[in-house]
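Hi,

Here is the structure I promised to pass on.

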Amino acid sequence: METCWVICPGGKLGDGVSSSNVALESAAWAVRENARILGSTSVGCALMTSTGDVFTGCNVEHQYRSHDIHAETNAISTMVAAGHRSLVAIFVVAERSRFTPCGSCMDWIFEFGGPDCTVSWQRCPGGQISSFKASELMPYYPR
Ligand SMILES: [Zn+2]
């Protein structure tokens, strides 16, 4: 069994983020169980809106892999379908040694969360949480 390790040693929890991370962490690991994968990585995602509501998504892979839906996009789409437009934090989980949201998902995170959205990830339940503002992950993202 692999041990948990710090993906990004500079990762930190911001003030006020740690309490929401607790709720998002358990929701993300729970929804990950529903992932439909053809490859090897199940991903779960939970986000919190500016009103404190939580939405989740898992990855859904298609035989034509260009149609794959990533967990982050799934969660954001579910949020929009429920009538919300603003997220403040997004939490991604996968048992994978190195990962962050991909560039396409970062586009969606910037679209509805903006540069101050907190982006966190974790590779095992209860493990180290890496947490950054979207603008820290992509400081030159066009605005
Ligand atoms: Zn992605």
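In what sense do S4 and S5 pair, and over how many bridges? The two strands pair in the antiparallel sense, over five bridges; strands count as paired if DSSP finds at least two bridges between them.

Some housekeeping before the rest. This is a predicted model, in which local features need pLDDT of at least 70 and side-chain atom pairs count only at pLDDT 80 or more, while totals for chains, interfaces and linings use all residues. Residues are numbered from 1 along each chain as its sequence is written.

The overall layout

The protein has four helices and five strands, and from the N terminus on the elements run α-β-β-α-β-α-β-β-α. Helices (H or I, at least four residues) and strands (E, at least two) are DSSP runs, numbered from the N terminus. Of the 143 residues, 35% are buried. Buried here means 20 or more other C-beta atoms within 10 Å of the residue's own, exposed means 12 or fewer, and partly exposed is in between, with C-beta atoms placed from the backbone. Among contacts with a separation of 6 or more, 61% are between residues 24 or more positions apart; a contact needs the two C-beta atoms, placed from the backbone, to lie within 7 Å.

The sheet

The five strands form an open sheet with mixed pairing, in the order S2-S1-S3-S4-S5. S2 and S5 (129–133) are the edge strands, each pairing on one side only. Direction ignored, neighbouring strands in this sheet are turned by 15° against each other on average.

Going through the pairs, S1 and S3 are antiparallel over seven bridges. Ala 46 stands opposite Phe 91 in S3, and Val 43 stands opposite Ala 94 in S3. S3 and S4 run parallel, joined by five bridges; Val 92 has Trp 121 in S4 as its bridge partner, and Val 93 stands opposite Gln 122 in S4.

Which strands are covered? S3 has seven of its eight residues buried, so it is largely enclosed by the rest of the structure. S4 is mostly covered, with five of its five residues buried. Both of its faces are covered: Thr 118, Ser 120 and Gln 122 are buried on one side, and Val 119 and Trp 121 on the other.

The helices against it

S3, H3 and S4 make a right-handed β-α-β unit, right-handed meaning that, with the strands pointing away from the viewer, the path from the first strand over the helix to the second runs clockwise. H3 lies across S3 and S4 (118–122), running at about 155° to S3. Angles run from 0 to 180 degrees between N-to-C directions, and axes are lines fitted to C-alpha atoms, for helices over the stretch in contact.

H2 and H3 pack at about 30° with their axes 9 Å apart. In the packing, Glu 72, Thr 73 and Ile 76 of H2 meet Cys 105, Trp 108, Ile 109 and Phe 112 of H3. The buried residues of H2 include Ala 71, Ala 75 and Met 79, and what covers the buried set includes S1 (43–49), S2, S3 (87–94) and H3 (103–113). Just after H2, Gly 83 takes a positive phi of about 95°.

Glu 61 is in the loop between S2 (54–58) and H2 (71–81). Glu 61 has 18 other C-beta atoms within 10 Å, which means partly exposed. Not counting residues up to four places away in sequence, Glu 61 touches Arg 36, Ile 37, Leu 38, Gly 39 and Asp 68. Glu 61 and Ile 37 are 24 residues apart in sequence, and 5.1 Å apart C-alpha to C-alpha.

Tyr 141 is in the segment after H4 (134–137). Tyr 141 counts as partly exposed, with 14 C-beta neighbours inside 10 Å. Leaving aside neighbours within four places in sequence, Tyr 141 is in contact with Phe 110 and Ser 135.

Cheers
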